[in-house]
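Welcome to this structure. The notes below walk through the ligand site and the pockets, one point at a time.

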Amino acid sequence: MEILKIENLKKRFGGVKAVDGLSFSVREGEILGIIGPNGAGKSTLFNLLCGLMPLDAGRITFSGEDITSLSPHKRCHMGIGRTFQICQPFKELTVLDNVAIAAVFGNSKTVRPWVVKKYSEEILEKVGLSIKKDLYPAHLTTPDLKLLEIARALATSPKLLLLDEVMAGLLPGECDRILKLIRCINREGITVILVEHVMRVVRELCERVIVMNYGQKLCEGCYEDVAGDKRVIEAYLGREETGAQ
Ligand SMILES: Nc1ncnc2c1ncn2[C@@H]1O[C@H](COP(=O)(O)OP(=O)(O)O)[C@@H](O)[C@H]1O
Ligand SMILES: [Mg+2]
């Protein structure tokens, strides 16, 4: 079954066509990878999906409902969760309170304080941050900030989770830890769209990969097919400055 369908999505910033007529569907339960050079429009696509930015044209259908004009909080309550490429914690709140805020405002099922606390602690346990629950974001390492970003998204109990470069800047061992976590989240039934530059992670996690370039879909297929595609090598993989690995 289809959980998400986007049709002819468009968004421009002045003269830049950040997303330019993009269409694709996501099956319930899959991990879809989105790759492409910097500036290809991947983060803008996530902003359009979660409603952070209005789109210029196109339609977004989620769980069979047209959500094109819905506000971000309504989309969140319907089950679209996301992380930000640049981590966005509340700096003045502890790790636990950052997760609790997401649970209270993102997940209407959880309102009683002790339920919220227990639920938030369970999520921190799952991502491996329990020991740091009373720290403030300023005291977290880069991998821990990424885990907090994932924990906050999970607290909203998403059906679809949008992960924007959660492995960027991490060492291979740290990537492995998050890779396992994403696999575990997916096995629990959460559909994932993964924007990622670390090719090993895309290869290991994604059944299907979409390559974006200049806001458009350059090609789509299994990892081996897209990684061997001449156009993809020219636009992305072959260029050393992309940081693709
Ligand atoms: N808020 C914005 N205002 C103006 N231009 C933007 C904004 N967000 C993104 N862009 C531009 O849109 C294009 C796509 O950016 P982005 O979606 O961040 O790409 P990616 O995530 O694939 O690196 C880039 O040319 C970028 O400079
Ligand atoms: Mg980006």
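1. A word on terms before the pockets come up: a pocket here is an open set of grid points, on a 1 Å grid over the protein atoms alone, where a 1.4 Å probe fits and protein lies on both sides within 12 Å along at least five of seven lines. Please also keep in mind that this is a predicted model.

2. With that in hand, how big is the largest pocket? Its volume is about 530 Å³. There are 21 residues in the lining, and the closest to the centre are Cys-76, Arg-82, Phe-84, Arg-152 and Thr-156.

3. Next, where does the lining of the largest pocket come from? Helix 2 (72-78), strand 6 (80-82), helix 3 (95-106) and helix 5 (142-155) supply at least two residues each. Helix 3 has the largest share, with five residues. In terms of domains, at least three lining residues come from domain 1 (2-79 + 158-242), and at least three from domain 2 (89-156).

4. As for residue classes, eleven residues in the lining of the largest pocket are nonpolar, seven are polar and three are charged.

5. The second largest pocket has a volume of about 260 Å³. Of its 19 lining residues, Pro-37, Asn-38, Gly-39, Ala-40 and Gly-41 are the closest to the centre. Strand 2 and helix 1 each give at least two residues to this lining. The classes here are seven nonpolar, seven polar and five charged residues.

6. Now to the ligand. Which residues surround ligand 1? They are Phe-13, Val-16, Ala-18, Pro-37, Asn-38, Gly-39, Ala-40, Gly-41, Lys-42, Ser-43, Thr-44 and Met-53.

7. Have a look at the polar contacts of ligand 1. A polar backbone atom of Gly-39 is 2.7 Å from an oxygen atom of the ligand. For Ser-43, a backbone N or O atom lies 2.9 Å from a ligand oxygen. Thr-44 uses its side chain instead, with a polar atom 2.5 Å from an oxygen atom of ligand 1. On its own, ligand 1 has 560 Å² of accessible area, and the protein covers 61% of that.

8. Finally, which elements build the shell around ligand 1? Strand 2 (16-27) and helix 1 (42-50) are the elements that give two or more residues. Helix 1 gives the most, with three residues. By class, the shell holds six nonpolar residues, five polar ones and one charged residue.

Technical notes
Residues numbered from 1 in each chain as written. Chains lettered and ligands numbered in written order. Predicted model: local features only at pLDDT ≥ 70, side-chain atom pairs only at ≥ 80, totals over all residues. Heavy atoms only, no water. Near = heavy atom within 4 Å. Polar contact = N/O pair within 3.5 Å; in protein donor to acceptor, adjacent residues only side chain to side chain. Areas by Shrake-Rupley, 256 points an atom, 1.4 Å probe, with all protein chains shown as cover. Helix = DSSP H or I, 4+ residues; strand = E, 2+ residues; numbered from the N terminus. Nonpolar A, V, L, I, M, F, W, Y, C, P; charged D, E, K, R; others polar. 1 Å grid on protein atoms, 1.4 Å probe; cavity = no way out; pocket = protein on both sides within 12 Å on 5 of 7 lines; lining within 4 Å. Points joined across faces, edges and corners; volume = space filled by probe spheres on them. Domains from an automatic or database assignment.
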